[in-house]
Amino acid sequence: MADHLPQPSSIKGRGTAVRIAHRFERDAREGFDDGWGTLDQVAGEETLAPSTTVIEERARSVIATNDSPDIPFGQSLNPYRGCEHGCIYCYARPTHSYLDLSPGLDFETKIIAKVNVVERLEEELGRPRYRPSVIHIGGATDAYQPVERRLCLTRGVLDVLGRCRHAYTIVTKSSGIERDLDLIGPAAQAGRVWVSISITTLDGALARILEPRAAAPHRRLRTVTALARAGVPVGVNVAPVIPFINEPEIEQIVEAAAQAGAHSIHYTVLRLPWEVSPLFRQWLQQHFPDRAERVMARVREMRGGQDYRAEFGTRMKGEGIWAQLIAQRIEKAVRRAGLTRHVPPLDESAFVPPQQVRQGSLF
């Protein structure tokens, strides 16, 4: 439920302008006319665009385990909670609710940085019972969002994983990953790294309102090329596919990815869990009122008549005729471009615990 006080229709560089109430809030606030023109006054006031606040957190643990049958990794790590990229469709937005923060504007302006992530990672990798398996970095929020330039938490994580010869994968929509090619390149040459670059659209104007603080589409394609030239196996994630918004671009994105040097193509369809649904519907009405109902009708068609269903096996790809057509188009485009839909196997056998690396004077 969004705040009822008048809100700007949009804020430049932000995905949403509202601090939508999260699902755990007990109190709702609603503006009312007190007879003195207060609502009109608030509506007419100019407000400064909200700045980004970085909140430091000392995490108790940093490696999360996963046994979901439709997620291709068993371990994940996210140096940050919240994401300044501001993607309106981000399925991680509801996680801010657990922090008593809004999945709306707070998610993209109040970033939680796990400042002890390197320390905790070393500790967890060094536990006697730890068994190495690929760690997926950035699966919830982008590990290369703007604050990474200053804090370098992701770089610290990659340094530890590299020295411990631990396999990992990264998904990002940021060109900031190029700054860490000195760490990623050697690990890739040893068969321990795979990177996925998310490209939602090739249309710069659409990208600016869909994912306002992420790298421009042409810049992400250059990143694909830079990774490929450095010997890093790189895939492109066409995600999320949104009917009538970026869905018409599927074939063009796959072709552009192939030309940029991508090895593989992956995709998901739009997911609207919890508070993401009202945020996305509001965004649709603001930017695409002429097709908003058609978009949501197709979304519901792929979700059994609902905005979202979270069942394993269908939550990533959807179900029904439209979902099948999207899958067929992806497969045909991939074959035509000479790419694959598979992630290359990574070497998990070379792992060395941190304490042994230190003893060998390599850490």
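How near do the axes of helix H8 and H9 come, and at what angle do they cross? The views below come from a predicted model.

**View 1. Helix H8 crosses helix H9 at roughly 40°.** The two axes come within 8 Å. H8 spans residues 217–229. Angles under 35 degrees count as roughly parallel. The crossing angle of roughly 40° therefore makes H8 oblique to H9. On the H8 side, the contact is made by Leu 221, Val 224 and Thr 225. On the H9 side, Ala 256, Ala 257 and Ala 260 take part. By class, this contact has 5 nonpolar residues, 1 polar and no charged.

**View 2. Helix H9 also meets helix H12.** H9 covers residues 250–260, and H12 covers residues 321–337. Their axes come within 9 Å and cross at roughly 30°. H9 and H12 are therefore roughly parallel to each other. Their crossing is right-handed. H9 brings Ile 250, Glu 251, Val 254, Glu 255 and Ala 258 to the contact. H12 brings Ile 326, Arg 329, Ile 330, Ala 333, Val 334, Arg 336 and Ala 337. Sorted by class, the contact holds 8 nonpolar, no polar and 4 charged residues. Why can residues spaced along a helix point the same way? An α-helix has 3.6 residues a turn, so residues three or four places apart do so.

**View 3. Helix H6 packs through its buried residues.** H6 runs over residues 181–189. Its buried residues are Leu 183, Ile 184, Gly 185, Ala 187 and Ala 188. What do they pack against? Their partners are helix H5 (153–163), strand S7 (168–172) and strand S8 (193–198). Just after H6 comes Gly 191, with a positive phi of about 80°.

**View 4. Ser 76 sits in strand S3.** The strand spans residues 75–77. Is Ser 76 buried or exposed? Its relative accessible area is 13%. Buried means under 20%, so Ser 76 is buried. Leaving aside neighbours within four places in sequence, Ser 76 is in contact with Val 62, Ile 63, Ala 64, Ile 135 and His 136.

**View 5. Leu 99 lies in a loop.** The loop runs between strand S4 (80–81) and helix H2 (105–109). Leu 99 counts as partly exposed, at 27% relative accessibility. Which residues does Leu 99 touch, not counting those up to four places away in sequence? They are Arg 81 and Ile 112. Leu 99 and Arg 81 are 18 residues apart in sequence. In space, they are 9.8 Å apart, C-alpha to C-alpha.

Technical notes:
Residues numbered from 1 in each chain as written. Predicted model: local features only at pLDDT ≥ 70, side-chain atom pairs only at ≥ 80, totals over all residues. Heavy atoms only, no water. Buried < 20%, exposed > 50% of the residue type's maximum accessible area, 1.4 Å probe, protein only. Helix = DSSP H or I, 4+ residues; strand = E, 2+ residues; numbered from the N terminus. Contact = heavy atoms within 4.5 Å. Axes fitted to C-alpha atoms, helices over the stretch in contact; angles between N-to-C directions. Parallel < 35°, antiparallel > 145°, perpendicular 65-115°, else oblique. Left-handed = near helix turned anticlockwise from the far one by under 90°. Nonpolar A, V, L, I, M, F, W, Y, C, P; charged D, E, K, R; others polar.
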